[in-house]
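Welcome, and thanks for opening the viewer. Could you take me on a guided tour of this structure, telling me what to select next and what is there?

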Amino acid sequence: MEKFSEILFQPFRDFWQWFVKFAPNLMAMLIIIIAGLILAWLIRLVMLRILRVINFDTWSDKVGLTALIRKGDVWAKPSDFFGYAVYLLLAVVFVMIGLDALQIKVIDNLLSQFLLYLPRALSAILILIIGYIIAGFLSRGVLIAAVNSGYHHAKLIAEAVRLLFIILVLAMALVELTIARGIVIAAFSILFGGVVLALAIAFGVGGIDAAKRIIEKAREEKKEEKGRDIEHI
Amino acid sequence: MADFYQTGIIVTLHRLGRPSLERIESEMVEFSKHRPIALVLPALYTEFQAPALQGIIDELKKVKYVNEVVLTLGRATDEEFKKAKEFMAQIPYEVKIIHNEGARIKEIYATLERNGLWAGEDGKGRSAWIAYGYTLANARSDVIALHDCDIVTYSREMLARLCYPVVNPNIDVVFCKGFYSRVTDRMHGRVTRLLITPLTRALQKVVGFHPFLVFLDSFRYPLAGEFCMITDLARVNRIPWDWGLEVGVLAEVFRNYSPQRVCQVDIADNYEHKHQPIAGNGGKGLVKMCVDISKSIFRTLAAGGIVFSDGLFKSLEVTYLRLAEDTIVKYEADAAINGLVFDRHEEAKAVEAFANAIKEGASTFMENPMGTPLIPNWNRVTSAIPGILAMLKKAVDEDNK
């Protein structure tokens with residue numbers, strides 16, 4: 001009977017001993033996470049204040065960043081959105097650090113992988129944002145130039161330039177994130193190369209006559225210039 | 001049948017003989033292939049509970065030349081917006097509802113405001129303006145027609161006649177305003193009869209010839225809420241968000257286009273919608289309307305180089321009163337020959353109230369000549385916020401999913 005009670009209560013005793021050993025880690029994790037969340041919230045508030053002081057929202061409206069986040073059906077102010085994004089990112093970081101305090105090997109590995117990947121994710125986001133803004137500028141520039149040159153399909157050309165640039169930016173972001181790197185590079189090279197080749201062929205075939213005229217005109221002008229030369233006796 | 005007199009400096013299209021609706025509509029179907037039409041309907045949710053809107057929807061169901069309907073809904077909760085969507089689903093072609101009180105559209109207004117572009121307070125002006133923005137963003141229509149949603153006597157002939165001059169390439173006007181009589185057992189339309197026309201003519205007497213006054217006086221019903229225009233006009237027009245909307249729109253049309261490309265068309269034998277009391281609560285009623293209209297006219301004239309002074313306004317008040325009283329006599333005779341009820345005392349009381357409204361409008365104008373609010377035009381808005389039309393389109397499309 002004594003042996004049976006020993007068998008019955010031993011797992012509980014083992015668990016209790018494990019728990020007593022593990023409890024400080026758990027407490028540390030909870031403290032880190034709670035303090036981290038509070039800190040993240042405070043950083044968010046400071047960031048919001050700074051963004052409002054520098055008129056980040058109106059700047060976002062002008063450069064098209066607001067339009068970009070609206071495409072994702074996000075209707076908060078850009079400053080609120082970025083403030084919240086930073087808060088979420090910091091919260092994830094603090095949760096990971098907190099989990100590290102548990103000193104469980106699997107979580108340790110996960111954390112190191114996460115910390116290694118974090119700079120890549122941030123730079124991919126940055127590439128996307130800056131790329132989108134540059135795409136907008138390029139598209140407007142092309143539109144203005146094409147309209148001033150009298151092209152009938154100015155809007156189409158501007159949109160094509162924007163699309164190509166966004167494809168380039170997406171490819172860059174995916175490469176940065178190391179997602180199917182080989183496939184992305186191959187797909188991008190084929191797509192971009194294909195478009196450029198198609199444009200070159202279209203321009204070449206369509207422009208044979210124009211090129212011929214330009215060359216002939218240049219030749220004639222050269223001949224005329226030669227004929228006008230005054231030969232000294 | 002109406003006479004065929006051409007009024008003033010704009011083109012007047014009368015209802016002569018018995019024009020066939022089928023003929024006009026079949027022509028409209030052809031014309032609209034080249035100039036697609038967007039119908040803008042500013043409405044409050046309360047209008048969905050009134051019988052007039054069901055009548056309008058029943059008529060619109062039969063129309064085959066409208067490309068899209070943009071209903072701009074005011075004072076509605078999210079739940080009421082859903083009900084409005086279900087109600088409008090009766091129309092067999094594309095209908096989009098702009099939920100002005102919804103979170104997405106409110107954020108659009110907030111975006112405008114933080115960029116120094118105030119779209120004004122909630123009202124017909126702002127509602128119509130945002131609907132023009134959506135039509136421009138959608139880029140599917142070349143012509144915009146607008147009418148109210150409280151027309152009890154609505155028939156699809158009204159819409160056909162309103163749009164015809166703008167979509168017909170042989171007529172090729174840029175702006176067309178409807179006109180009609182508003183008669184039941186008596187004459188209605190007091191603000192047009194007893195304020196606009198006498199005030200315009202009094203101004204002509206006091207300040208002398210001014211092209212805008214001639215233009216304004218050319219309209220038989222300048223306050224008619226029904227008009228049709230090319231979408232370019234929606235892009236360049238700045239409109240007031242208050243009661244000065246109709247006069248403000250005419251002022252902008254006058255500023256941007258030749259009167260020869262502006263017309264008015266007889267759209268109905270009779271027209272009936274809700275009647276407003278002379279003085280209402282909370283900035284409503286005809287008096288508030290008259291103050292806003294007067295300010296809008298004064299501001300337009302001042303922008304055209306007219307110098308206003310206290311003396312000029314005093315003369316104007318007296319001249320207006322005299323002309324308005326003369327007008328009452330004319331309408332009394334008109335009512336007598338047509339067997340209509342005519343309460344001369346009520347009409348005189350209305351004129352007195354309108355005279356006070358002109359006085360108030362003048363004093364507000366003198367205090368702050370730039371005070372009459374105008375919503376910036378869409379060209380300026382897109383220049384300040386290049387992505388605003390895309391945002392607006394996304395907001396409306398998401399709301400309508």
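Of the 26 residues of helix 7 of chain A, how many are buried? Select helix 7 of chain A to find out: the number buried is zero, so this helix lies largely in the open. Keep in mind throughout that you are looking at a predicted model.

**Stop 1: helix 7 of chain A**

With the helix still selected, look along its length. Helix 7 of chain A has 26 residues, and from its first C-alpha to its last it reaches 37 Å. That is close to the 38 Å expected at 1.5 Å a residue.

**Stop 2: helix 6 and its partner**

The crossing of helix 6 of chain A past helix 7 of chain A is left-handed.

Next, show the side chains where these helices meet. On helix 6 of chain A, pick A:Leu164, A:Ile167, A:Leu168, A:Ala171, A:Leu174 and A:Val175. On helix 7 of chain A, the contact is made by A:Arg181, A:Val184, A:Ile185, A:Phe188, A:Leu191, A:Phe192 and A:Val195. Colour this contact by residue type and you will find 12 nonpolar residues, no polar ones and one charged.

**Stop 3: the buried residues of helix 6**

Helix 6 of chain A has 23 residues and reaches 33 Å from its first C-alpha to its last, close to the 33 Å expected at 1.5 Å a residue. Which residues of helix 6 of chain A are buried? Select A:Ala158, A:Arg162 and A:Ala173 to see them. Then show helix 5 (105–148) of chain A, because that is what the buried residues of helix 6 of chain A pack against.

**Stop 4: two loop residues**

Move on to the loop between helix 6 and helix 7 of chain A, where A:Thr178 is found. A:Thr178 has a positive phi of about 55°, although it is not a glycine. Most residues other than glycine have a negative phi. Is A:Thr178 buried or exposed? It has 11 C-beta neighbours inside 10 Å, so A:Thr178 counts as exposed.

For another example, jump to chain B and select B:Asp172, in the loop between helix 6 (156–167) and strand 6 (175–180) of chain B. The phi of B:Asp172 is near 55°, a positive value in a residue other than glycine. B:Asp172 has 12 C-beta neighbours inside 10 Å and so counts as exposed.

**Stop 5: A:Met96**

Return to chain A and find A:Met96 in helix 4 (residues 78–100). With 19 C-beta neighbours inside 10 Å, A:Met96 counts as partly exposed. Leaving aside residues up to four places away in sequence, A:Met96 touches A:Leu111 and A:Phe114.

**Stop 6: where the chains meet**

Finally, show both chains together. Here 11 residues of chain A are in contact with 13 residues of chain B. On the chain A side, the elements giving two or more residues are helix 2 (56–63) and helix 3 (65–71). The residues on that side divide into two nonpolar, three polar and six charged.

How values were computed:
Residues are numbered from 1 along each chain as its sequence is written. Chains are lettered from A and ligands numbered from 1 in the order in which they are written. This is a predicted model: local features need pLDDT of at least 70, side-chain atom pairs count only at pLDDT 80 or more; totals for chains, interfaces and linings use all residues. Two residues are in contact if their C-beta atoms, placed from the backbone, lie within 7 Å. Helices (H or I, at least four residues) and strands (E, at least two) are DSSP runs, numbered from the N terminus. Ala, Val, Leu, Ile, Met, Phe, Trp, Tyr, Cys and Pro count as nonpolar, Asp, Glu, Lys and Arg as charged, and the others, Gly among them, as polar. A crossing is left-handed if the near helix is turned anticlockwise from the far one by less than a right angle, and right-handed if clockwise. The expected span of a helix is 1.5 Å times one less than its number of residues. A residue is buried if 20 or more other C-beta atoms lie within 10 Å of its own, exposed if 12 or fewer, and partly exposed in between; C-beta atoms are placed from the backbone.
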